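Hi everyone, thanks for coming. Have a look at the picture for a moment, and then we'll walk through it together.

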Amino acid sequence: MRSTITSVWSLTNRFLEWFGDLGFFGWQVLRSAVRRPFEGRELIRQLDEIGSRSFPLVALAGAAIGAVLALETRSSLVQFGAKSMLPAAIVFSIIHETGPVVTGLVVSGRVGAGIGAELGAMKVTEQIDAIEASGVNPYKFLAFTRIVACILMLPLLTLAADFCGVMVGWIANTLVEPISFHKFIHQGLAGTSFNDFLAPTFRTSVFGLIIGMIACFQGMRTQGGTAGVGLSATSSVVLSSLFVILADVILVKVILVFFS
Amino acid sequence: MMPPALEVSPPVEKSAAAAIENFAASDAPAIALRGLHKSFGSQVVLNGIALKVGTGETLAVLGRSGTGKSVLLKLIIGLQKPDSGSIRIHGQEITRVDLDTLNEIRKKMGFLFQHAALYDSLTVEQNVAFPLKRHTKMTDSEQRDRVKELLAAVGMEGDLQKMPADISGGMQKRVGLARALALEPAILLLDEPTAGLDPITSGEIDELILKLQEEHDMASIVVTHDLHSAKTIADRIALLHDGNVLIEGSFDDLAKSTDEFVSEFLKRDS
């Protein structure tokens with residue numbers, strides 16, 4: 001009993017310490033962001049690295065979700081005689097939930113691991129020290145640019161996943177029962193407003209903040225050699241995925257309260 | 001063939017750090033350490049170190065592994081904070097300055113890391129150009145010329161497009177040295193420049209450092225285990241033991257010392 005309490009206490013302490021360090025890291029990044037130079041070139045490089053290189057994977061994941069939704073939902077709706085609701089069910093679920101969450105999780109896997117490993121390797125080989133020694137702020141040059149790139153790219157990648165999901169959903173539906181794309185979209189978007197698009201898509205910016213922040217933090221605090229780099233990459237993916245899911249739950253509630 | 005001498009002085013951007021504008025013109029020692037303490041947990045690494053290095057002078061810091069030699073260099077360039085004590089760079093106390101001023105001071109210092117710490121996603125050329133891109137208003141072609149000149153000075157002019165992973169340890173050290181010299185620093189900090197290199201390459205690196213010191217009136221601190229290298233390139237030698245300077249002077253002073261540790265150290269390394 002005593003050892004259980006000690007373990008829980010130690011775990012709580014470590015969690016609070018991690019949170020405190022993350023908060024301090026966030027403050028350092030924020031403070032560095034308001035100082036010149038603004039690292040435009042590095043930001044563009046990161047937008048390309050995080051955005052365009054994640055596009056194929058995100059598009060593929062979106063397409064797979066569209067196909068699965070079309071195939072799985074059809075039989076249920078046919079059973080209840082609500083076959084005409086199929087386009088709306090596909091479009092609504094992709095735009096509202098599956099598109100943003102799948103994009104968040106795919107990016108946290110690809111980008112989170114990439115950033116965690118890259119910065120971790122830079123840390124253990126003293127490259128981050130070398131950047132700092134040359135009079136360049138690593139919080140801005142390495143962390144701020146990656147975090148901003150994640151924040152800006154997640155909504156765009158989500159739109160790509162949504163588009164591919166809806167397209168493939170339509171194709172899967174058409175293969176069973178032909179329907180024109182115009183009619184599919186018309187039925188799918190019936191009763192939806194601009195807010196139905198906007199809020200779920202832009203909540204992925206928060207996912208981007210979480211992924212960028214946690215991956216940079218875990219990478220830049222790496223200790224040890226190659227084992228430490230591996231640990232940073234893994235923990236970046238695990239923690240950012242976990243916090244993306246938690247943030248999703250909170251943001252869905254916020255969106256329902258303020259945008260419905 | 002001897003590489004050509006460095007000629008072009010890069011124009012460094014002016015900043016708010018007015019205190020270091022006349023950096024090299026200052027009468028104060030280039031580096032002055034006083035009462036420097038640094039501990040990691042319960043392990044005391046530096047225990048009140050005091051050292052001075054003048055402009056144009058080279059100090060070699062020797063000592064057993066784990067005596068805080070590398071930590072000393074990291075404290076001087078502000079990568080770590082001392083627990084207490086004073087670090088003055090050309091009279092400017094750096095332990096209490098803001099980050100902007102510290103970064104201005106860092107631009108006047110070159111640092112060669114133990115394993116070179118080249119940016120592995122950049123080519124050799126981009127590595128050397130990194131400080132120039134960041135801190136000067138040079139055009140792209142001026143930067144290219146300067147990089148070629150720096151790499152020629154370290155005998156690496158033929159490897160501009162190679163990646164750090166594709167060159168040997170000795171070549172990485174040379175590129176690291178070229179990068180450290182990019183902004184024409186007033187102070188050069190070298191962390192084990194010959195560690196892990198064969199005797200011939202070590203000799204070449206020593207010659208290179210000597211040549212660069214002759215060409216540029218820099219104050220240098222060289223942390224090394226290599227007594228031969230220290231003897232070749234340093235004006236003075238400081239031997240660290242138990243977190244402090246056990247003995248400081250010329251190589252002959254050390255050789256004459258009757259201290260048991262000093263004798264043991266010199267005997268082991270000879």
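How many helices and strands does the secondary structure of chain B come to? Chain B has 9 helices and 10 strands; helices (H or I, at least four residues) and strands (E, at least two) are DSSP runs, numbered from the N terminus.

Please keep in mind that this is a predicted model, where local features need pLDDT of at least 70, side-chain atom pairs count only at pLDDT 80 or more, and totals for chains, interfaces and linings use all residues. Residues are numbered from 1 along each chain as its sequence is written, while chains are lettered from A and ligands numbered from 1 in the order in which they are written.

Now to a sheet in chain B. Six strands form an open sheet in the order S6-S7-S8-S3-S9-S10, with mixed pairing; two strands pair if DSSP finds at least two bridges between them. Strands S6 (109–112) and S10 (244–249) of chain B stand at the edges with a single partner strand each, so one side of each has no neighbour in the sheet.

Let's zoom in on one pair. Strand S3 (residues 58–63) and strand S9 (residues 236–241) of chain B run parallel, joined by 5 bridges. In this pair, B:Ala60 stands opposite B:Ile237 of S9(B).

And how much of chain B is buried? Of its 270 residues, 41% count as buried, meaning that 20 or more other C-beta atoms lie within 10 Å of the residue's own, with C-beta atoms placed from the backbone.

Over in chain A, H3(A) passes H6(A) in a right-handed crossing, that is, the near helix is turned clockwise from the far one by less than a right angle.

Notes. Buried ≥ 20, exposed ≤ 12 C-beta atoms within 10 Å, placed from the backbone.
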